[in-house]
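These are my notebook entries on a single protein chain. I record below what I looked up and how each term was applied.

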Amino acid sequence: MLGRAMAMALHNGQGMISPPPPPLLSNLCFSSSSPSSLLPAHLRGVVFDMDGTLTLPAIDFAHMYRAVLGDDHPLIRSGSSIDILHEIEDWSPEKKRAAYGIIASFEQEALQRLQIAPGVMELCQFLDAKKIRRGIITRNVKESVDLFHTRLGIRKFSPAISREFRPYKPSPASLLHICNTWGVPPAQVMMVGDCARDDVVCGNRAGAITCLLDEWNRFDVASMPAEQRPNFKVKSLLEVLSLMQLSMGLES
């Protein structure tokens, strides 16, 4: 059984949630009694975010944002959501170099604390056994991805796209690049991540299946902007595994 895994139903009409563009899996509600009706019978690839998804959170982002932007920045003072990479994108070269230096210092400290998230090994073993491809899209640097692969100790995720690839998520460019590399249509790929604003939007814009990892139940899908609504919401990577086993008709 799925346990706590929740697939968010996307309905139309009669006061229910209407499906956002690009089209998602509309008019469907996940049910263990009819799992095979929800997703493609042949899932061919899964792409994961890294920080907070495949690894445990290790960066104090609020502290980092204050260090980069300053306490008096309007976004800091208002408590608004911050996309730090996009925020500094149009800064002068000198100012941008300084900002990236601060970001890099936080990332270097986080490398010392990098831990593989629970469920990663089990999920990788399942995907590899079923010959389902697995890739990574992260806004972190290649050095962090390399350390993750070293700590993981098994076959690498491929492609593993890091911050050096432009444009960043939530642009779908990186996900479409992976689909093109695999020779797989986006509709047969699932994007899994813990950030609705980046990971889910990236997947939705690409036309992929989207799964939001929400361990602490931070997201109320019904009240989220349409483009940020995932097809599925789970609390752990082990629930992602259960979701695939049940809803896609894949045997363990």
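I took buried to mean under 20% relative accessible area, exposed over 50%, and partly exposed in between (1.4 Å probe, protein chains only). I note that this is a predicted model, in which local features need pLDDT of at least 70, side-chain atom pairs count only at pLDDT 80 or more, and totals for chains, interfaces and linings use all residues. Residues are numbered from 1 along each chain as its sequence is written, and side-chain values use heavy atoms, with hydrogens and water left out.

Backbone entry. I looked up asparagine 217, which has a positive phi of about 55° although it is not a glycine. At 46% relative accessibility, asparagine 217 counts as partly exposed. Lysine 131 also shows a positive phi, of about 60°; its relative accessibility is 73%, so lysine 131 counts as exposed. Most residues other than glycine have a negative phi, and most peptide bonds are trans.

Cis peptide entry. I found a cis peptide bond between serine 158 and proline 159, with omega about -5°. Another cis peptide bond joins arginine 166 and proline 167, with omega about -5°.

Whole-chain entry. Of the 252 residues of the protein chain, 48% count as buried. I recorded 9 helices and 7 strands; helices (H or I, at least four residues) and strands (E, at least two) are DSSP runs, numbered from the N terminus.
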